[in-house]
Structure formats: C-alpha cells, structure tokens
Amino acid sequence: MFRVDRSQNRLSPLVQKRFSDLHLRERDHLQEWLANQPDALGEELLIIQKEFDGFDETRERLDLLALDKDGNLVVIENKLDDSGRDVTWQALKYTAYVSSLTKTQIVDIYQQYLDRFCGGGNAVVRLCEFMGVEDLGEIVLNPGTDQRIVFIAANFRREVTATVLWLLSRGIQTQCFKVTPFMLGEELIIDIQQIIPTPEAADFMISMSNKDGEEKATHDTQKHRHKLRLAFWEEALEQLRADDVALYQNISPSKDHWLSAGSGVRSCPFNLIFSRDEARVELEMRRADVEENKWIYDRLHSEKGAIEAAFGAQLDWRRMDDKKASKIIFAKPFDGYDRANWPQMIAWLSTHIRKFEAAFREPLARFNPQNRSPNEESP
C-alpha cells in the first residue's frame, strides 16, 4: 500500500508490519474487529457466535460463526502472522460439527450471543431483518451441504492453499483472506484482501450443491406463499378500487407481503401489510438520510394526540433508534393464510388505510423537509 503525496505527485510506501511486532493478538484484536465489522470480508454477514464451543464431547472452539444472506453457516478461522499447517483440518472439523445444526439451534445460539455480547435483543426478529423476510418460516437456515469456510491470516502456507483449492474443486465454498497491518505514522491500517478464490473467479470456482429436503420444502412453501400473496392482493386491490381508495388506484398486485403507495413525501410511503398473523397499515419513513427520517418522525410524534384523535385509535409509534427507518403502525390479528378470512381482512385494510391517510395527510405535508422554512431547524 502506498500513500499519495499530492503536492509532490509521488508515492511513498506504508510501513508493513507483523501483528506480533505490534503486540496484537488473534482473539483480542483481529477477532473483535471482524465480529464488529464482518462486511470487511466483502459481503453482508451476520455474526451469530464467537468462540463457539457447542460441540458434543469436545472442548474445541471455532473463532467466529456467521450466517450469509442465503442462510448458509460460515465458519471463520482467524490466524495472525502465519496460517499454520493444521488450520484446514481444524476448520473442516468445525464445519462438520455445525453442519447438523437445526434452525431452532441456530436461533438459540444467536440468542446466547446477543445476550452475552450485545446487551440482548430478539434473535428471531434480527434474523428476519437480516434475511429480509417477514416470517422466519419462509427461509432455510444451514441448508444441506452448503456450509462455508473462511480463513484469515497474514500469510498462508502452501499446504493450506493447496487444500483450499482442492476443497473448492470439490464444491466446498472456501475462501482465504490475507490481512496485512500497515503503519502510517502512529495510525494502524489493516488491509484485507481475498486471495482464494480471486473475486473475479469466485462464481466459476464455487459450484452449488443440490437442494436437500428441507431446502426443497421451503422453496415449495415460498412458491405457495408467493401465489397466496398475489391472489390476496389481486382481490384486495379490486375491493380498494371499488371503495374508491385513491392511494392504490394505480398499484399492481405483488408476491410480497406488502403494498406501498406514495404519501406525497418522498420515501415515506403508506404500506398495506398482509401476513400469516395480522393485517396492518403503516406509514414508513425510509429516506436515505437517517436524520431526515427521525426528523419527520419526531415532528409527527409531537402531534401524536391530534393524529390519533383524527384516526380514532391509539397507534404503535416505532422510532427504531438502531435502524435507519421509522414506522407508525396500526394492526389487527388475523389468520391470513385462511382464505375464508380474506374478505374481513380486506374490508379492515380498506377502512383503516383511508382513516390512516386522512389522519396523516395534513401533518405529513406540513412536515415535509422540502417545505420547511429556512429558519426551521434542519433534520
């Protein structure tokens, strides 16, 4: 790595270091960095445990256990200046151990991690958020033989890279990341580069395994739910148009569990939600700028009493400080997957989205950031 001296139009090399020279330790430093910033490995990963030792009849611990966006378990093994000779055998054992973990066990493992290291939280809710689903039953976790292995070290021995290449040729998803520390004055800089397979070749070298029984069952369930949602929204939109609900006059049915319509304020849609357990109407503030979302929410919340009086019921106000978006919700329990309940659900949605939109129309327009006066506090 090089530093650019723009005044002289020259490059000067950063000083490459060894972790041992910097008195950095595998568990206390590298592992903590990755646990708190897993996307340093080039993709969205959810760390669900560290120093995992939940193996029967063994005291062995794997460094980090993660999930990827496809629901695959990812075993992450960290080494510092040298990978060592036995790291591949060690990782293969860990991967074999976790290959049998069920969805319930994975949720329990993640819940333990949240309770111990993250100050608590609901594992099911966070898993659904990470996977982008409404219901955890929609996805497979740890499908078939699709477990992955990630090795991280400053230097990899030839026997390690040869084994990794062999594993890749057999369809086992394996990656090597070279991590190198540099010093820029007193500042420590870490460079993390995927060296096997190269990012350009990854799609060609990693072949996907056949779907196992659970994965196929979930795929069939997803197809069924997609058809169910599409049928529900077709029926719902027909009724909404008959009821002259202007918001949804030009909206098409979808296989998703939500339908969005513009509120007049950019990226603040009114949503209709159809799920297995409930129907709901909501206003979502999902602008790119988190501060704008919270600004709009706070000003609407300042008129909570008047808005709820206009709507005719108490609303569920969710600022969600740990998220970019904010929501205001009104919901009612239903057995949504029983078609016999659909007419009642649709009538409820039609009635309440009209009341919801009417209650928010004026304050939402007034608190549109684009319309605020120059002297008003910026979001």
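Visitor: Why is F2 called exposed?

Guide: In this predicted model, F2 has a relative accessible area of 56%. Exposed means over 50%, so F2 counts as exposed.

Visitor: Where is F2 placed?

Guide: F2 is in strand β1, which covers residues 2-5.

Visitor: Which residues make a nonpolar surface patch with F2?

Guide: V4 and L11 make the patch together with F2, and its area is about 340 Å². Patch residues need over 30% relative accessible area, and F2 has 56%.

Visitor: Why is E51 called buried?

Guide: The relative accessibility of E51 is 14%. Buried means under 20%, so E51 counts as buried. E51 lies in strand β4, residues 46-52.

Visitor: What is the phi of E51?

Guide: E51 has a positive phi of about 55 degrees, although it is not a glycine. Most residues other than glycine have a negative phi.

Visitor: D244 also has a positive phi. Is D244 buried or exposed, and how do you know?

Guide: D244 has a relative accessibility of 62%. The cut-off for exposed is over 50%, so D244 counts as exposed. Its phi is about 60 degrees, and D244 is not a glycine. D244 is found in the loop between α7 (213-242) and β10.

Visitor: Which residues does a cis peptide bond join?

Guide: A cis peptide bond joins I196 and P197, with an omega of about -20 degrees. Most peptide bonds are trans. P197 is found in the loop between β9 (187-196) and α6 (202-205).

Visitor: What is the order of the strands in the open sheet of 5 strands?

Guide: The order is β10-β11-β12-β14-β13, and the pairing is antiparallel.

Visitor: Why is one side of β10 and of β13 left without a neighbour in the sheet?

Guide: β10 (258-261) and β13 (316-318) stand at the edges and have a single partner strand each, so one side of each has no neighbour in the sheet. From one strand to the next, the twist averages 20 degrees.

Visitor: How do you know that β12 and β14 pair?

Guide: Two strands pair if there are at least two bridges between them. Strand β12 (residues 278-285) and strand β14 (residues 326-333) are joined by 8 bridges and run antiparallel, so they meet the definition of a pair. For E284, the bridge partner in β14 is K327.

Visitor: Which helix packs on the sheet, and which strands does it touch?

Guide: Helix α8 (residues 290-301) packs on the sheet and touches β12, β13 and β14. The direction of α8 makes about 60 degrees with that of β14.

Conventions
Residues are numbered from 1 along each chain as its sequence is written. This is a predicted model: local features need pLDDT of at least 70, side-chain atom pairs count only at pLDDT 80 or more; totals for chains, interfaces and linings use all residues. Side-chain values use heavy atoms; hydrogens and water are left out. Patches are made of residues with over 30% relative accessible area and no salt bridge: like charges are joined within 9 Å, nonpolar side chains (Val, Leu, Ile, Met, Phe, Trp, Tyr) within 5 Å. Accessible areas come from the Shrake-Rupley method with a 1.4 Å probe; for residues, only the protein chains shown count as cover. A salt bridge is a side-chain nitrogen of Lys or Arg within 4 Å of a carboxyl oxygen of Asp or Glu. Helices (H or I, at least four residues) and strands (E, at least two) are DSSP runs, numbered from the N terminus. Buried means under 20% relative accessible area, exposed over 50%, partly exposed in between (1.4 Å probe, protein chains only). Axes are lines fitted to C-alpha atoms, for helices over the stretch in contact, and angles run from 0 to 180 degrees between N-to-C directions. Contact means heavy atoms within 4.5 Å.
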